[in-house]
Amino acid sequence: MELASITDLIFTNGILLFKIPILILLLVYVIFTFIVVNRIRAFNRILHIASAHASVTIQIVAIIQFLLALSLFLLALVIV
């Protein structure tokens with residue numbers, strides 16, 4: 001293979017070399033945040049925190065984090 005064909009292969013398919021691992025890592029992060037949301041819900045059912053406002057706030061923050069992670073994954077999936 002010539003050097004020109006190797007560089008053409010890297011630059012034309014270079015996006016795939018970077019996009020696929022990033023998408024995999026983002027998917028792992030989305031799964032992780034989903035697990036965090038489920039664990040927070042389970043802990044809130046088990047533990048009755050004196051301040052119910054604090055547990056609701058933590059749940060809302062966890063759900064927002066999950067939605068942001070999911071939107072980041074979908075945005076990265078759409079962007080070429």
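Nonpolar surface patches are built from residues with over 30% relative accessible area and no salt bridge, nonpolar side chains (Val, Leu, Ile, Met, Phe, Trp, Tyr) being joined within 5 Å; a salt bridge is a side-chain nitrogen of Lys or Arg within 4 Å of a carboxyl oxygen of Asp or Glu. The model is predicted, with local features requiring pLDDT of at least 70 and side-chain atom pairs pLDDT 80 or more, while totals for chains, interfaces and linings use all residues. Residues are numbered from 1 along each chain as its sequence is written, and side-chain values use heavy atoms, without hydrogens or water.

**View 1. A nonpolar patch on the surface.** Leu 16, Ile 20, Ile 24 and Val 28 together form this patch, which has about 370 Å² of accessible area (Shrake-Rupley method, 1.4 Å probe, with only the protein chains shown counting as cover for residues). Val 28 belongs to helix α1 (helices are DSSP runs of H or I with at least four residues, strands are runs of E with at least two, and both are numbered from the N terminus).

**View 2. The largest nonpolar core.** Nine residues make up this core, namely Leu 23, Leu 26, Val 30, Val 37, Ile 40, Ala 62, Phe 66, Ala 69 and Phe 73; a core is a set of buried Ala, Val, Leu, Ile, Met, Phe, Trp, Tyr and Cys residues joined through side-chain atoms within 4.5 Å, where buried means under 20% relative accessible area, exposed over 50% and partly exposed in between (1.4 Å probe, protein chains only). The elements giving two or more residues to the core are α1 (3-46) and α2 (52-78), and the largest share, five residues, comes from α1. Beyond its neighbours within four places in sequence, Ala 69 is in contact with Tyr 29, Val 30 and Thr 33 (contact means heavy atoms within 4.5 Å).

View 3. Two aromatic pairs are counted when ring centres of Phe, Tyr or Trp (its six-membered ring) lie within 6.5 Å, with planes under 30 degrees apart called stacked, over 60 edge-to-face and the rest tilted. The rings of Phe 34 and Phe 66 have centres 5.7 Å apart and planes at 50 degrees, so this pair is tilted. Because Phe 34 lies in helix α1 and Phe 66 in helix α2, the pair ties together parts 32 residues apart in sequence. Phe 34 is partly exposed, at 43% relative accessibility.

View 4. Ile 58, in helix α2, is partly exposed with a relative accessible area of 43%. Its C-alpha is 9.5 Å from that of Arg 41, a residue 17 places away in sequence.

Key
Patches are made of residues with over 30% relative accessible area and no salt bridge: like charges are joined within 9 Å, nonpolar side chains (Val, Leu, Ile, Met, Phe, Trp, Tyr) within 5 Å.
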